Amino acid sequence: MKLSKFKYKLPEELIALHPAQNRDESRLMVVHKDTGKIEHKVFKDIIDYFDEKDVMVFNNTKVFPARLYGNKEKTGAEIEVFLLRELNKEQRLWDVLVDPARKIRIGNKLYFGENDSLVAEVIDNTTSRGRTLRFLFDGSHEEFKETLYSLGETPLPKFINRKVEPEDRERYQTIFAKHEGAVAAPTAGMHFSRELLKRFEIKGVDFSYVTLHVGLGSFRSVDVEDLTKHKMDSEQIIIPDDSAKVINHAKDERKRVCAVGTTVMRTIESSVSTNGHGNPFEGWTNKFIFPPYEFSVADSMVSNFHLPYSTLLMMVAAFGGYDLIMKAYKTAVKEKYRFGTYGDAMLII
């Protein structure tokens, strides 16, 4: 499969800059794999497609305020620092991206906050834009994290071309976000409201929670035409024992298993036994799913409308079938669905 197959014309005005007023009232396109039928609904109608003992699998990762603005010692030049992951608690070491990178060298000090209240020293280069920072902070780890996060802002993707607003702190997060560690939200899960989850519970639908701490790999552009040569960044995943049991029981009972989002799909497909069951797992995955691909666990999925050439679109095309999904995307453009992180949703069944 070639990269150029995932090109489509997306008018810029269809990229959603803000979320729907209510989480469960974005639009929902329902795509039927067996017949090719496409329906247009409101997201809360999703409940009509699931029955008792079916399972919704959610990613309960939590986004932290990963984008910081600081200045460089001596020159005072403004620097953007994007926190990726904490490497060492005791030494306050973090893996970060810096912009503009060419100005940031080992030994430089960076200052953050109104009174330069937080200082970091660059101690290593990791990639062209990647650096390892040591934050200089006297106090407990809790106080350090509190200070760091109070200076950070919600890490909206760059294609949401506007300033971060206070509502983003809550809306760029699922309502079941629990385990901190993501720098991007699992967007399909953001359509679920407390009321909708309650209605699913009343209907007898089961929930299973897995964790994938979303990194920036999801947004990294694919630079090779031959997709087999693209390498995904590794992301940390956790499938608890009880979550695997809920999923496997549903499969054994021939109930529907729905992966809510591409992150959930990657997680459960990264730990599959030969009989198609999911296994408990804690570790890392760099699994890259693109057509053709044989899925083992989920038989339905929820996803947002993804940008051209993205690895997310490739996975959705692998699940729904390339021709059908590209046709559905063409329909979505024509019907003016909203695309991207804060956009509308698609259910593939």
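## Ile 47 and its surroundings

Leu 196, Arg 199, Phe 200 and Lys 203 are the residues in contact with Ile 47, once its neighbours within four places in sequence are left aside. The model described here is a predicted one. Ile 47 belongs to the loop that runs between strand S2 (38-42) and strand S3 (55-59). Its relative accessible area is 6%, so Ile 47 counts as buried, the limit being under 20%.

A separation of 14 Å is found between the C-alpha atoms of Ile 47 and Ala 345, two residues that are 298 residues apart along the chain.

## Strand S3

S3 is mostly covered, with five of its five residues buried. Both faces of the strand are covered. Val 55, Val 57 and Asn 59 are buried on one side, and Met 56 and Phe 58 are buried on the other.

S3 has pairings with strand S12 (residues 206-212) and with S14. With S12 the pairing is parallel and runs over five bridges; in it, Phe 58 stands opposite Tyr 209. With S14 the strand also runs parallel, joined by three bridges, and here Val 57 is the residue opposite Ala 259.

## Asn 59

Asn 59 is a residue of strand S3. With a relative accessible area of 2%, Asn 59 is buried because that value is under 20%. What do polar atoms of the side chain of Asn 59 reach? The backbone nitrogen of Thr 61 lies 3.1 Å from one such polar atom, and the backbone nitrogen of Leu 212 is reached by the side chain of Asn 59 at 2.9 Å.

Leaving aside neighbours within four places in sequence, the contacts of Asn 59 are Thr 174, Phe 176, Pro 186, Val 210, Thr 211, Leu 212, Val 214, Thr 263 and Val 264.

## Aromatic rings and charges

The structure holds 24 aromatic pairs. One aromatic cluster is formed by Phe 43, Phe 50, Phe 58, Phe 176, Phe 192, Phe 200, Phe 207 and Tyr 209.

Two arginines lie over ring faces. Arg 256 is placed over the face of Phe 50, at 5.9 Å from the ring centre. Arg 27 is placed over the face of Tyr 337, at 3.9 Å from the ring centre.

## Nonpolar cores

The largest nonpolar core has 51 residues, and Ile 268, Phe 339 and Met 346 are those with the most contacts inside it. Two or more residues come from each of strand S1 (27-31), S3, helix H4 (241-252), strand S14 (257-260), helix H5 (262-269), helix H6 (311-320), helix H7 (322-334) and strand S17 (345-348). H7 gives the most to this core, with eight residues. Another core lies apart from it and has 25 residues, among them Ile 79, Leu 133, Phe 135 and Leu 148.

Beyond its neighbours within four places in sequence, Met 346 is in contact with Leu 28, Met 29, Val 31, Met 301, Val 302, Ser 303, Phe 305, Val 316, Ile 325, Ala 328 and Tyr 329.

## Helix H6

H6 is mostly covered: 10 of its 10 residues are buried. The buried residues are Thr 311, Leu 312, Leu 313, Met 314, Met 315, Val 316, Ala 317, Ala 318, Phe 319 and Gly 320. The cover over them includes H5, strand S16 (300-304), H7 and S17. After H6 comes Gly 321, with a positive phi near 95 degrees.

Strand S5 (residues 67-72) runs antiparallel to strand S6 (residues 78-88), and five bridges join the two. Tyr 69 stands opposite Glu 80 in S6. The hairpin of S5 and S6 has five residues between the strands, and in it Lys 74 takes a positive phi near 70 degrees.

S5 also pairs with strand S8 (residues 109-112), in the antiparallel sense and over three bridges. In this pairing Gly 70 is opposite Phe 112.

Definitions and conventions. Residues numbered from 1 in each chain as written. Predicted model: local features only at pLDDT ≥ 70, side-chain atom pairs only at ≥ 80, totals over all residues. Heavy atoms only, no water. Helix = DSSP H or I, 4+ residues; strand = E, 2+ residues; numbered from the N terminus. Buried < 20%, exposed > 50% of the residue type's maximum accessible area, 1.4 Å probe, protein only. Contact = heavy atoms within 4.5 Å. Phe/Tyr/Trp six-rings, centres within 6.5 Å; stacked < 30°, edge-to-face > 60°. Lys NZ or Arg CZ within 6 Å of the ring centre and 35° of its normal. Core = buried A, V, L, I, M, F, W, Y, C linked by side-chain atoms within 4.5 Å. Pairing = 2+ DSSP bridges. Polar contact = N/O pair within 3.5 Å; in protein donor to acceptor, adjacent residues only side chain to side chain.
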